[in-house]
Amino acid sequence: MSLATFRYEAQCPAADAHLSGRITELALERRRFGYRRIWQSLRREGLHVNHKRVYDLYHLSGLGVKRRRRRKGLAIERPPLLRPAAPNLTWPMDFLMDALATGRRIKCLTYVDDFTKKECLTITIALGIAGVQVTRILDSIALFRGYPATIRTDQGVGVHLPRTGSMGF
């Protein structure tokens with residue numbers, strides 16, 4: 001390797017210092033702007049600069065847009081689940097999924113009485129369960145048990161039902 005090549009130090013023109021300062025100003029003004037939007041802003045201001053040069057100066061200044069993290073869900077304090085005082089007051093409803101040996105998915109709909117905890121009112125297994133089928137299943141259970149005061153789903157949200165008559169969907 002020749003000495004001229006080995007000892008070469010890149011010269012930063014004075015224009016780069018001005019440009020680097022302007023990039024830093026824009027980045028501090030608009031925190032969510034990456035180098036491409038800053039480059040567009042510079043072009044609108046009349047500075048015709050190559051986007052690769054803006055990229056180099058942007059990263060040499062230690063700038064960069066932080067990636068936003070996905071929110072895991074709202075931290076709401078959930079009310080405690082109270083055990084019902086009598087049978088037929090609260091029924092938890094749950095959908096379970098499994099796969100056959102062929103790879104085909106099956107869905108199971110279960111209703112349990114929350115008071116007894118040992119009595120499963122129904123387990124319905126099908127390849128797909130539509131909303132109309134859910135109401136039919138609930139109506140068929142209600143023929144011999146009556147309707148519950150509340151149906152609880154996985155999310156802990158209770159659906160209050162009328163004590164008489166069909167679901168009416």
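Is Leu26 buried or exposed, and at what relative accessibility? I looked it up: Leu26 counts as buried, at 7% relative accessibility. Here buried means under 20% relative accessible area, exposed over 50% and partly exposed in between, with a 1.4 Å probe and protein chains only.

**Ground rules.** I am working with a predicted model, where local features need pLDDT of at least 70 and side-chain atom pairs count only at pLDDT 80 or more, while totals for chains, interfaces and linings use all residues. Residues are numbered from 1 along each chain as its sequence is written, and side-chain values use heavy atoms, with hydrogens and water left out.

**Overview.** I counted elements next. The protein has 5 helices and 5 strands. Helices (H or I, at least four residues) and strands (E, at least two) are DSSP runs, numbered from the N terminus. Their order from the N terminus is α-α-α-α-β-β-β-α-β-β. Of the 169 residues, 27% count as buried. I then checked contacts, meaning heavy atoms within 4.5 Å. Among contacts between residues at least 6 apart in sequence, 42% join residues at least 24 apart.

**Leu26 again.** Leu26 lies in helix α2. I left aside its neighbours within four places in sequence and found Leu26 in contact with Ile38, Ser41, Leu42 and Glu45. Ser41 is 15 residues from Leu26 along the chain, and their C-alpha atoms are separated by 8.3 Å.

**α2 against α4.** I took helix α2 (residues 14-29) with helix α4 (residues 51-60). They pack at an angle of about 70°, with their axes 10 Å apart. That makes α2 roughly perpendicular to α4, because angles of 65 to 115 degrees count as roughly perpendicular, under 35 as roughly parallel, over 145 as roughly antiparallel and the rest as oblique. Axes are lines fitted to C-alpha atoms, for helices over the stretch in contact, and angles run from 0 to 180 degrees between N-to-C directions. From α2, the residues Asp16, Leu19, Ser20, Ile23 and Ala27 meet Arg53, Val54, Leu57 and Tyr58 of α4. I sorted the residues of this contact into 6 nonpolar, 1 polar and 2 charged. Ala, Val, Leu, Ile, Met, Phe, Trp, Tyr, Cys and Pro count as nonpolar, Asp, Glu, Lys and Arg as charged, and the others, Gly among them, as polar.

**Second largest pocket.** Which residues line the second largest pocket? I listed Ala27, Leu28, Arg30, Arg31, Arg32, Phe33, Tyr58, Gly62, Leu63, Gly64, Val65 and Lys66. The lining divides into 6 nonpolar, 2 polar and 4 charged residues. A pocket is an open set of points on a 1 Å grid over the protein atoms alone, where a 1.4 Å probe fits, with protein on both sides within 12 Å along at least five of seven lines; lining residues have an atom within 4 Å of a point.

**Asn88 and Thr90.** I checked Asn88 for its backbone. Asn88 has a positive phi of about 70° although it is not a glycine. Its place is in the loop between α4 and β1 (90-99). At 11% relative accessibility, Asn88 counts as buried. Thr90 lies in strand β1 and is buried, with a relative accessible area of 15%. Beyond four places in sequence, Thr90 is in contact with Pro84, Val112, Asp113, Asp114, Thr150 and Arg152.

**Ile141.** My last stop was helix α5 (residues 131-145), where Ile141 has its place. Ile141 is buried, with a relative accessible area of 3%. Not counting residues up to four places away in sequence, Ile141 touches Trp91, Tyr111, Leu121, Thr122 and Gly146. Leu121 is 20 residues from Ile141 in sequence and 7.1 Å away in space, C-alpha to C-alpha.
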